Every structure is written in C-alpha cells, then in structure tokens.
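Dear colleague,

I am handing over the structure we spoke about, and it is shown just below. After it I set out what was found, with the confidence of the model kept in view.

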Amino acid sequence: MTSQTRKTAILIGLVGLAVLLMGRPALAQESGAEIWGRTCNKCHRAQPVNKYHADEWRAIMRHMALNARLTPAEEEAVTEFLMSVARPVADASTDRSETVALSTSGRLPDLVSTDPDLASYVIQYDSLIVAEAYKRQCVVCHGAEGEGDGPAAPALKPRPSDLTESELVSEMPDAELLEFLSKGKGAMPGFAKILSKQELSAIVGVLRDLNGVE
Amino acid sequence: MSRTLFVRCVLIVAGGLALVVAPGNVHAQLLKLSGYADLEWTAQETNDPEDEWHNFFDNHHFNLIGIAWVTDDLSGALEVEYEHAGEEFALEYGYISYTGIPYLRLVGGKFIVPFNRWNKDLHPTFISKMPGRPPVYANVFPSTYSDVGIWASGGAPVGQNGNRVTYDLYVVNGLKGDPDESGFRDLRGNDREKPDRDDNKAVGGRLGFELANASFGVSGYTGDYAKTEDTGVGLGISFVGVDADYHWQGLELRGEFVSASQDLTSGENNDRSGYYLQAAYLTEVDFEPVIRFTAVDFEGQEDDAEELGIGFNYYLSASGTVRVAYLFGLEDSEFETNNDKLMTQFVVVF
C-alpha cells in the first residue's frame, strides 16, 4: 500500500468515525460503583477507594475520565461514588446518624422513619429494593453470591472478603456490623454517604443471609 | 531538553493554571500531586565478545503527575518526566481540558498521542505487565510519543450491557526528523526553535469498542515528517494500528499490531510492521505470571526481530510491584533488540 493510499484510507476512516458518532445511543443506567468496576480497573490495579479524600478523587477523576473516555454522566456517577466512599478528612464530622445526600444516583428512597440510634435500628426492608442496593454497591467487589469474586475483585489488593465465610460477619453483632458498613475499616470503605441508614441496616440482613446466620 | 527549557515549560504551565485559578481561588485546594517511580536492574547480552553480558541499575522513572480541577468544565494535568536518574528531563504531557460539551472532551497542549493502547495507556511501568518496551513500540511506532496540538475524545454507551464506543481525533505538529538518518524513535524529537519543521500538521485517531470483558480498536496517524531539500516536497509517515484485549477474572489477554510506512528521499518507502501478544494471569495470592511474544518485520531488510518474554509480577500492595522477566531474542542477528535480557523492576505508584 502506498503512502498516499494509506493517507486516504486513514482520512476516510476518521470521517467515518465522526459520522458514526453523530448517532449516539442511550445512556446506560449503571451505578457509579458498577462503572468504576467495569472501566477503571481494566488497565491498572485499583487503588483502595478510601485511599484519597473526596476532593482528591474529584481531581483524579477529571484526568482519568479523559483517559477512560467516560461520558459526562458516567464520570459524574463514578466521581460521586468515589467521593461518597472516600477517606474522611481529619476534621470531618464522624456523625453518621444523618445520611449526607452527596449522591442521588446511587441512593434509594427511605423505607422507614429515621431512628438516630443505630444500635437499636429496626431492620425493615423490601427485599427487592435491598437486592438492588446490594447489586449497585456491593456486587462489584463481593460478587453476586457474596463470595468475594465481583468484577473488580482481581484488581483489588487486598481482595474483597468472601462474605459467605466471613468470621467478621458471623461474629459481629448487628449494631457493630451496621457501624462497619457505615464507616468502613481498612480497605472496606464506609457507605454512609451513599446509602441511607435503612438500606445499610437492611444490607446487614443480606449479609446474615449470605453468611448463613439466622 | 535543557534544564532551562524544562523550567520554562513548567513555569508556563503552572502560570497558566494559576491565572485561571487566581480570580476566585475557588478550587485551589483541588490540586493533586501524584506519580510513579521505579528501580530496574538489567543484565543484557551484548555484541561485544569481550563483555558478553552487561548489567546495570537504572532509576528509569521518577515521574511526577499534577492534576488540577479548576472549574466544573476546566481542568489541567501535567507529567514531569525525570528519567534515567536525571539524565532525561521532559514534560511528557501538559494540557488544559474542557469538558463543557456532552460526549466531547477537548484537550489543548501537549498530550500523549492516543495510538492503539500501549503508547498512551499502557506504557507506564506501574501498568505495563512486563519490564521493557515491546520491540514493536521501539522499532515500528516511536513510543512513548507525545506532541503538541488539539485532541478531541469521548465515549458513549451502546445498549444496557456496559458496551461502549470511544473515539479520539487529534491534530498535532507531527513527527519530524532527518529522512535519511533518523531512527523511528528519534522522530519524536521536539525542536523548540521550530516545532513543526515541515509546516504540515499530522492527524490521527482511534475508534474503540468496549464490551463487558473485551475491547478492540483501530488507529491511524498520517503526516509529513520532513520535506526534501531540493523540491520542498513533504515526506510522509503514516501508521495503522489494531489493538484488542480480553479480561476474565484474573486473566488478561492483549495484543496490538502496527504497520508503518515512511517516505524516503530516494522515492522509496521504508515500510515495517510488528505486533505483540501478551497473556497474564493474576492469582488470588497476587502472583501474576506473564508471557509476551513480539515480532517486527522490517520489510526488505535482514534485521527482523522476535522476542519472547517470560516473567512474573508480585504485588506487594496496591501501590508496589516487583516484576521479573527474561526476554529471549529469537532472531539470530546482531540487531540489539535480539539480545537476551534479564530485567527486574520495583515499581511504586503514589
């Protein structure tokens, strides 16, 4: 193929690309966690989501969204997810009794009235809605069956826990487990800013089911 | 690049960002400094019968990355290359990005050219799964190639299964060099006195498709790299590329192909092509065996190259990795690429 032919072929290809993109398709309805698991970990191992503060994630995402060619909606969803589970700043309020509505895309409506006392919180949930919350926020790391084999799991170090065999889940009282899900610990981020207390407490029930504890 | 020029570049970029941020100082806190560093030890076969193996340490990279979130639609980023223990200073990229238009990200400045995947996305040592550049990206495409110009990119979902289409289109000054003397990697050289020696701009792009577990793309680049002294006719260089990858659990399969054609003053073309295929499997104990095969065909020349790399990675943490690989030169020639190498690398991303 001559150089001139190649030039022509390349230019025709570029014009075709531009035409193709004019008919853009509908947006996918994935959560930020799901998009993060699908796109961010394909090139490199994932940094723990709670390694950086929320503002740091916002800056990093601007750069990485360009590299991953995310749509504005995808970038917003991933940024909200990362900011919601980010490492808290030292002087930030540790009061998790009130859900901060940073994210709307990943949050489900409250199911029952708020009780500020986490320890006495009554688990009342609609199983379908909770299953959706678990799918949108937890499956990406822990997998659909909770076995620690979600799509992002290979990129994570440490690997996500196998919830079906987790001693932490089986030995921790409900109130402590709720606190753990809210605030996070180690590589596990806290979800108080992205899930309501009702959803978090209901997920405690999901963990009990997965762990085989009645 | 001299240190004076380097300092000027940094000051210009930093000054530009400061001017934008200064009026309200609203997002000054959103400056994120990051980067990566590595230490290598290499034992390399030589063509010298008196010294058949040569070994050396190299602080190949200590690169700093700065990212600034300026406004909702405006951000900037730069990467300062500090390579080979200070022997090389350069600005790998330094750009301003505008994202105010849906499905379109506009970048102006110096950026890594998005040709296939290795050049822009996979070359950093904390990402590349095997030490050393695949020969196809040293002898067919002059990686890592960054240039000054304008870049438009974006992506859009297709359907509801996480499938996506992505695009990149760019116009840059283009590669440049001496038509009779330049090696392919030398074509990246930036001449600060006259950045675009041939006056013609180079254009290129990539069209990518991403499925749930796989992705593939086609890339193209074309432009003049010089012009003849007697007639002033432009001498062109063009590349066509294909890339693909597949992921399943800890398994990653990846391959890229590049074909290059370069006009010469003699009226002939310097054509060459090459590819690499790579497989890696990340186990649950963070041990990752890797195998990579690369072949380069210099059309009409004897010095083709084939390299088989076998190695492993061990991830000490999410940020620290040890890589070890033995690279077998399979072609029996004195072309340096065909010499055997043992490479070890400790990489940290921060």
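**Helix α4 of chain A and what surrounds it**

Helix α4 (residues 72–84) of chain A has 13 residues, which at 1.5 Å a residue should span 18 Å, and the distance of 18 Å between its end C-alpha atoms agrees with that expectation. Please keep in mind throughout that this is a predicted model. Of the 13 residues in α4(A), 10 are buried, so the helix is largely enclosed by the rest of the structure. Those buried residues are A:Glu74, A:Glu75, A:Ala77, A:Val78, A:Thr79, A:Glu80, A:Phe81, A:Leu82, A:Met83 and A:Ser84, and what covers them includes α2 (32–40) and α3 of chain A.

As a general background, nonpolar side chains in soluble globular proteins tend to be buried together. In this model the largest nonpolar core has 94 residues, and those with the most contacts inside it are A:Val78, A:Phe81, A:Leu82, A:Ile203, B:Val136 and B:Phe141. Helix α3 (residues 54–68) of chain A contributes the largest share of this core, with 8 residues. Leaving aside residues up to four places away in sequence, A:Leu82 touches A:Val49, A:Trp57 and A:Met61. There is also a second, separate core of 5 residues, which includes B:Met130, B:Val290, B:Leu327 and B:Met343.

**Helix α2 of chain A and A:Arg38**

In α2(A), 9 of the 9 residues are buried, so this helix is likewise described as largely enclosed by the rest of the structure; the residues concerned are A:Gly32, A:Ala33, A:Glu34, A:Ile35, A:Trp36, A:Gly37, A:Arg38, A:Thr39 and A:Cys40. A:Arg38 and A:Pro151 are 113 residues apart along the chain, while their C-alpha atoms are separated by 7.0 Å.

**The side of chain B that touches chain A**

Turning to the contact between the chains, 51 residues of chain B are in contact with 37 residues of chain A. Strand β6 (residues 146–158) of chain B gives the most to the side of chain B that touches chain A, namely 6 residues. Sorted by class, that side of chain B comprises 23 nonpolar, 22 polar and 6 charged residues.

**Chain B and its strands**

Chain B contains 3 helices and 16 strands, and buried residues make up 43% of its 350 residues. Among the contacts in chain B with a separation of 6 or more, 52% are accounted for by residues 24 or more positions apart.

Strand β8 (residues 202–210) of chain B has 7 of its 9 residues buried, so it is largely enclosed by the rest of the structure. On one pairing, strand β7 (residues 163–172) of chain B runs antiparallel to β8(B) and is joined to it by 9 bridges, with B:Thr166 standing opposite B:Gly208 in β8(B). On another, β8(B) pairs in the antiparallel sense with strand β9 (residues 214–227) of chain B over 8 bridges, and here B:Gly204 stands opposite B:Tyr221 in β9(B). The link from β8(B) to β9(B) is a hairpin through 3 residues.

B:Gly232 lies in the loop between β9 and β10 (234–248) of chain B, and it counts as exposed because it has 9 C-beta neighbours inside 10 Å, the limit being 12 or fewer. From B:Gly232 to B:Ser317 there are 85 residues in sequence and 56 Å in space, C-alpha to C-alpha.

**Confidence**

The model scores ipTM 0.78 and pTM 0.79. For chain B the mean pLDDT is 86, and 86% of its residues reach 70 or more. Within chain B, confidence is lowest in helix α1 (residues 3–21), at a mean of 57, and highest in strand β16 (residues 341–349), at 96. Over residues 19–28 of chain B pLDDT stays under 50, and for these residues the model has 8 contacts beyond four places in sequence.

With best regards

Technical notes
Residues are numbered from 1 along each chain as its sequence is written. Chains are lettered from A and ligands numbered from 1 in the order in which they are written. This is a predicted model: local features need pLDDT of at least 70, side-chain atom pairs count only at pLDDT 80 or more; totals for chains, interfaces and linings use all residues. Helices (H or I, at least four residues) and strands (E, at least two) are DSSP runs, numbered from the N terminus. A residue is buried if 20 or more other C-beta atoms lie within 10 Å of its own, exposed if 12 or fewer, and partly exposed in between; C-beta atoms are placed from the backbone. Two residues are in contact if their C-beta atoms, placed from the backbone, lie within 7 Å. Ala, Val, Leu, Ile, Met, Phe, Trp, Tyr, Cys and Pro count as nonpolar, Asp, Glu, Lys and Arg as charged, and the others, Gly among them, as polar. A nonpolar core is a set of buried Ala, Val, Leu, Ile, Met, Phe, Trp, Tyr and Cys residues joined through C-beta atoms within 7 Å. The expected span of a helix is 1.5 Å times one less than its number of residues. Two strands pair if DSSP finds at least two bridges between them. pLDDT is the predictor's confidence in each residue, from 0 to 100.
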